[in-house]
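Open the model in a viewer and keep the sequence panel beside it. The stops below give a selection each time and then say what is there.

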Amino acid sequence: RGLAGRVAFLRGRYAREAIGMHLDIPRGQHMLAGTEARRADAALRGVDDTHLIGWMIAQDRTITDPNLRIVRLRWRHDGLVAGDAADPAALLDAAHTRPRVPRLAGSGGTLLRYDVAPEREGSTIVWSEERQPEGAATSVHDCHALRLARKGVLEFSIVGVDAKAAQSCADELRSLAATVRFDAESDYPARIQGERLAAYSLSGMITQTQ
């Protein structure tokens with residue numbers, strides 16, 4: 001509650017000059033950026049997410065409201081992520097048989113299925129998945145969109161929603177990712193040549209196994 005009175009929400013356009021990126025904050029939403037986003041997230045979850053760069057909620061909500069639907073923006077400065085998303089059956093098999101290496105915001109636990117299978121369109125990948133968190137009686141749904149760039153990956157995630165909300169969250173994140181623009185020197189290259197590569201592949205990031 002003390003933090004809620006001090007944070008400054010943004011509307012309109014958000015720019016992150018350090019990574020050469022800007023995006024449009026959707027109408028009806030407002031956003032916390034940088035340190036304020038991390039403080040709000042840590043206040044609610046008790047975890048300091050060092051990859052978090054933004055925190056977006058409905059414009060008529062503040063951080064003290066219960067049951068917030070939060071879009072988390074995270075940047076991983078790990079280098080260019082190469083490869084392509086495999087078919088859904090192969091991704092599920094990898095998620096079920098390989099050790100978990102969490103890299104995305106998420107509910108944890110066991111991946112049950114994809115509501116919307118991962119699909120790549122250019123430098124954007126969008127999907128939603130049903131997960132069974134450890135110790136939970138019911139499953140939840142996580143939605144993700146990744147925007148690939150030359151030096152890392154911009155992630156949008158909505159986690160822990162119910163089945164009804166999961167019907168629209170993939171489309172919501174797809175629309176948001178479509179507004180992202182990287183500077184020419186920072187954008188994902190048409191041909192990979194000489195870039196520093198991440199230690200994991202795109203499929204490994206999606207399945208969180210690498």
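This is a predicted model: local features need pLDDT of at least 70, side-chain atom pairs count only at pLDDT 80 or more; totals for chains, interfaces and linings use all residues.

**Stop 1: helix α1**

Select residues 34-45, which form helix α1. The helix has 12 residues and reaches 17 Å from its first C-alpha to its last, close to the 16 Å expected at 1.5 Å a residue. Now colour Gly 34, Ala 37, Ala 40 and Asp 41, the buried residues of α1. Looking down the axis of α1, these buried residues fall within an arc of 135°, so they line one face of the helix. Turn to the other side of α1 to find Arg 39 and Ala 43, which are exposed.

Then step to Gly 46, which follows α1 and has a positive phi, near 75°.

**Stop 2: the nonpolar cores**

Which residues of the largest nonpolar core touch the most other members? Select Met 21, Leu 23, Val 71, Leu 73, Leu 154, Phe 156 and Phe 182; these are the ones, in a core of 28 residues. At least two residues of this core come from each of β2 (21-24), β4, β5, β8 (140-148), β9 (153-161) and α3 (163-177). Helix α3 supplies the largest share, 7 residues.

Centre on Phe 156 and show its contacts. Beyond neighbours within four places in sequence, Phe 156 is in contact with Leu 23, Val 71, Arg 72, Leu 73, Cys 143, His 144, Ala 145, Leu 173, Leu 176, Ala 177 and Val 180. Another core, of 17 residues, lies apart from the largest one; Leu 104, Tyr 114, Trp 127 and Tyr 188 are among its members.

**Stop 3: Glu 129**

Next select Glu 129, in strand β7 (residues 124-132). Is this residue buried or exposed? Glu 129 counts as buried because its relative accessibility is 2%, under the 20% cut-off. Show its side chain: there is a polar contact with the side chain of Trp 127 at 2.9 Å, and another with the side chain of Arg 131 at 2.8 Å. Leaving out residues up to four places away in sequence, Glu 129 touches Leu 111, Arg 113, Tyr 114, Asp 115, Val 140, His 141, Asp 142 and His 144.

**Stop 4: Pro 133**

With 15% relative accessibility, Pro 133 counts as buried. Setting aside neighbours within four places in sequence, its contacts are Ser 107, Gly 108, Gly 109, Thr 138, Ser 139 and Val 140. Draw a distance from the C-alpha of Pro 133 to that of Lys 151: the two are 18 residues apart along the chain and separated by 32 Å.

**Stop 5: two positive phi values**

Select Asn 67, in the loop between β4 and β5. Asn 67 is not a glycine, yet its phi is positive, about 55°. At 75% relative accessibility, Asn 67 counts as exposed.

Finish at Gln 208, in the segment after α4 (202-207). Gln 208, also a residue other than glycine, has a positive phi near 55°. Its relative accessibility is 2%, so Gln 208 counts as buried.

Note on methods. Residues are numbered from 1 along each chain as its sequence is written. Side-chain values use heavy atoms; hydrogens and water are left out. Helices (H or I, at least four residues) and strands (E, at least two) are DSSP runs, numbered from the N terminus. The expected span of a helix is 1.5 Å times one less than its number of residues. Buried means under 20% relative accessible area, exposed over 50%, partly exposed in between (1.4 Å probe, protein chains only). The arc is that of the directions from the helix axis to the C-beta atoms. A nonpolar core is a set of buried Ala, Val, Leu, Ile, Met, Phe, Trp, Tyr and Cys residues joined through side-chain atoms within 4.5 Å. Contact means heavy atoms within 4.5 Å. A polar contact is a pair of N or O atoms within 3.5 Å; within protein, one must be able to donate a hydrogen and the other to accept it, and residues adjacent in sequence count only if both atoms are side-chain atoms.
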